[in-house]
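Let us take a walk through this protein together, stopping at a few side chains along the way. Please keep the model open beside the text.

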Amino acid sequence: MTSMNRRNFVKIAGAAGAAALLAGCDNGGDAEQTPATDDTADDTPDEAPYTLVKEGVLTNVAELGFSPFEYIDEDGNTVGFDVDLSNAIAEKLGLTCEWLPNQAFDTLVPTIEQGGKADICIAGMTITDDRLEHVDFSDPYLNSNQALIVSASSDATTESLNAEEIQIACQTGTTGDEWIQENLPNATRVPLSDVTAGMMGVSTGSYQAMVIDLPVAQNMLAQSFSDLKILEEIPTGEQYAIAVSKDNPGLLDAINDALAQIEEDGTMDELKQKWFGTTDI
């Protein structure tokens, strides 16, 4: 997996202030001229060097079934680690957050690449060479591996799962999907749009295994699927990051700046403790 290290930070100021300044200069008459001083020059805001789909709003897109990163709770609210992190980033930038309706995971990169609907994708997404051909990624904010899930009563081994009669579930378009193709090529891969459907399938015996991100597996086994177990932790060494359009480098710089502040002021550790019960993740 390829990580990014963009630390070319820029100071972001509100676009609204700049717009008001421009409006005041175009009033159809001769505006009174006030000599500039060092103080007034320092107080003059610069237009934010990035564009947003909606003024004052950081618009997010994700597959909202990836607990504990982003999911819809029983009250219909979009919650999770990534949701809180995006809110913290938006606060640093003087913005608010909005989330688009749930989308399939394999549509997220194309949505950012095409533009016009969402500013960022924060969705437990791993930086990969293929994705980097289509979007830019922020500095990594979390490390992850994959997990191979089986029934708690299963005596399967990784080797025995590599057989034609074995069905192994995964989420479509993910690094878990790629891992199955590369490491269990004889098994029948079952790509699904929904993580929970895959876990349910293993639980009921429809599938013999599933490959999914380790933090998600640990959360779902602890919360809902005590009849399943992690057969193997797969050391893929992945890094999660935020996807941004290649046409919006100023937003990428602003997000990296905000992420650095969130790391430095302890907010990141607070969010990890809240959602994972530890900062060691």
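Predicted model: local features only at pLDDT ≥ 70, side-chain atom pairs only at ≥ 80, totals over all residues.

Residues are numbered from 1 along each chain as its sequence is written, and side-chain values use heavy atoms, with hydrogens and water left out.

Let us begin with the salt bridges. Side chains of opposite charge can pair when their charged atoms come close. Here a salt bridge is a side-chain nitrogen of Lys or Arg within 4 Å of a carboxyl oxygen of Asp or Glu, and the structure holds five of them. In one, Asp-84 and Lys-274 meet through their side chains, at 2.7 Å from N to O. This pair links distant parts of the chain, with Asp-84 in helix α3 (residues 81-92) and Lys-274 in helix α10 (residues 267-276), 190 residues apart. Helices (H or I, at least four residues) and strands (E, at least two) are DSSP runs, numbered from the N terminus.

How covered are these two partners? Asp-84 counts as buried at 19% relative accessibility, and Lys-274 is exposed at 54%. The terms work like this: buried means under 20% relative accessible area, exposed means over 50%, and partly exposed is in between (1.4 Å probe, protein chains only). The areas themselves come from the Shrake-Rupley method with a 1.4 Å probe, and for residues only the protein chains shown count as cover.

Now turn to Glu-98, which forms a salt bridge with Lys-54, the closest N and O atoms being 3.0 Å apart. Glu-98 belongs to strand β5 (residues 96-99) and Lys-54 to the loop between α2 (38-43) and β1 (57-61), 44 residues away. Both count as partly exposed: Glu-98 has a relative accessible area of 34%, and Lys-54 one of 40%.

Next comes a patch of negative charge on the surface, where Asp-129, Asp-130, Glu-133, Glu-178 and Glu-182 gather. Patches are made of residues with over 30% relative accessible area and no salt bridge, like charges being joined within 9 Å. Helices α5 (129-132) and α6 (175-183) each supply at least two of its residues. Asp-130 is found in α5 and is partly exposed, at 48%.

Thr-128 counts as buried at 7%, and a polar atom of its side chain lies 3.1 Å from the backbone nitrogen of Arg-131.

Two last stops remain. A polar contact (a pair of N or O atoms within 3.5 Å) of 3.3 Å joins the side chains of Ser-144 and Tyr-240. Ser-144 lies in strand β8 (residues 142-151) and is buried at 6%. Finally, most peptide bonds are trans, but a cis one joins Ser-67 and Pro-68, with omega about 5°. Pro-68 lies in the loop between β2 (65-66) and β3 (70-72).

Terms used. Patch = residues over 30% accessible without salt bridge, like charges linked within 9 Å, V, L, I, M, F, W, Y side chains within 5 Å. Lys, Arg positive; Asp, Glu negative; His and termini not counted. Charge placed at Lys NZ, Arg CZ, Asp CG, Glu CD. Polar contact = N/O pair within 3.5 Å; in protein donor to acceptor, adjacent residues only side chain to side chain.
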